[in-house]
Amino acid sequence: MIQTIDIGAYCDFLFQFIQKFGKINREEFDALMPYFKMRYFEKRTIILQKGEVDDYLNVVVQGLVRKFIRVRGNEITLQLATEGHMVQSEVSFHTRMPSDVILETLEPTTLICMDYQGVQEALEKIPSAEELGRLIITYMFIRKDSRYYSQLKNTTRERFLEYMNVHPHMLQRVPQKILASYLNIKPETFSRLKHLLRPAKI
Amino acid sequence: MEMLDEFKKYLAKYVEISPVEFTMLEPFLQIRNFDKKVKLVDIAEEENYLNFIEKGLVRKFFYKGRDEIITQIAKEGDLISSSVSFLSGVPSSYVVETIEPTTFISLSKQSIEKLYAIHSKWQRAGRLIITDLLVQKEYWELDRMKFTTKERFVRFLTSNGDLFQRVPQKYLASYLNIQPETFSRLKHFLRKRFAENNL
């Protein structure tokens, strides 16, 4: 991990990111700033290993983080977090228990993070942090529920098309095997479904 | 009010609440009674309540074609709601329906907004409860992946044995994502094993 990047350069990114959740004025934002830090990882770095307690809430500034679990010799991808997404082991971070899931970068990745202690302190000391925290956690909950719903409700073909239409660039950024796992589609089926995308590209 | 004791205990897991504060909270709580097999929320309706189950049994499901896919079975002491609709205002993708006659202690959206405005303690309770829901959801997903069908069955039986008597088998099978035939087979297999070990 190299930590040479100045967080000041990402002030605007962070301010806009937080505005998505709740109204916060510049003064409150300045009070929050000291709790954030930057982390930088090379491509294919494990940033959270199974069995470690996840100490960070991460926002991807640039790059791509994969969250996955190893089950009976297979890797099942649970999340592909790109620019502007939050990623962490929610269970481990909040319960302070060892993580079942693994976080790995697929590209060189820059993260803005707040550690567990920082989150608790910010909640104590900054009046508007409580509401902001609630709105962020609500957002994470809704995203998670929506993903489970679509995984259970939609057919393989629907899941493929829905995802590829919204995230066409991911085919270039993520190995096909990992994308297939994320969408819970067999690799052979995934290859076959790719023909559905061709007409749109011309 | 005695009926609210369990709800009081539930809240105390998240925030400290003085008797005075709880008295302030009471006017916002609604006691709601439903017969069995009544839908509290249907597909495309907007969820207006967060419900704590004082007594009874409730399930949450969506339709996949003609199949009902159950994502939650809630009993005394649990929260149930079409939560995404409740939290975001979008129409519900789920049905919330009672299995037994059920008494809820419910908070409407308006009540919760008022509470949030009154004191940051309620904001904090809200945040911690939603955090818990998020963590539960992740556990639910990971358990489905980590454990085999048989393991899921045994884990559920061990932690929720009472529900085996109360919940129709086809509901449990759907909730655990186990084919109904497999579910029957596992039940007989385990019954036999228990009988052999105990005798």
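Author: In chain A, buried residues make up 28% of the 202 residues, a residue being buried if 20 or more other C-beta atoms, placed from the backbone, lie within 10 Å of its own. This is a predicted model, in which local features need pLDDT of at least 70 and side-chain atom pairs count only at pLDDT 80 or more, while totals for chains, interfaces and linings use all residues. Residues are numbered from 1 along each chain as its sequence is written, and chains are lettered from A, with ligands numbered from 1, in the order in which they are written.

Chain A contains 10 helices and eight strands, taken as DSSP runs (helices H or I, at least four residues; strands E, at least two). Of its contacts with a separation of 6 or more, 74% are accounted for by residues 24 or more positions apart; a contact requires C-beta atoms, placed from the backbone, within 7 Å.

The C-alpha atoms of chain A fill a box of roughly 55 × 40 × 35 Å along the principal axes. The radius of gyration of chain A, 18 Å, agrees with a compact globule, because such a globule of 202 residues would have a value near 17 Å (taken over C-alpha atoms, by the rule of 2.2 Å times the number of residues to the power 0.38).

Of the 199 residues of chain B, 28% count as buried. For the complex, the predictor gives an ipTM of 0.93 and a pTM of 0.93.

Note on methods:
A residue is buried if 20 or more other C-beta atoms lie within 10 Å of its own, exposed if 12 or fewer, and partly exposed in between; C-beta atoms are placed from the backbone. Two residues are in contact if their C-beta atoms, placed from the backbone, lie within 7 Å.
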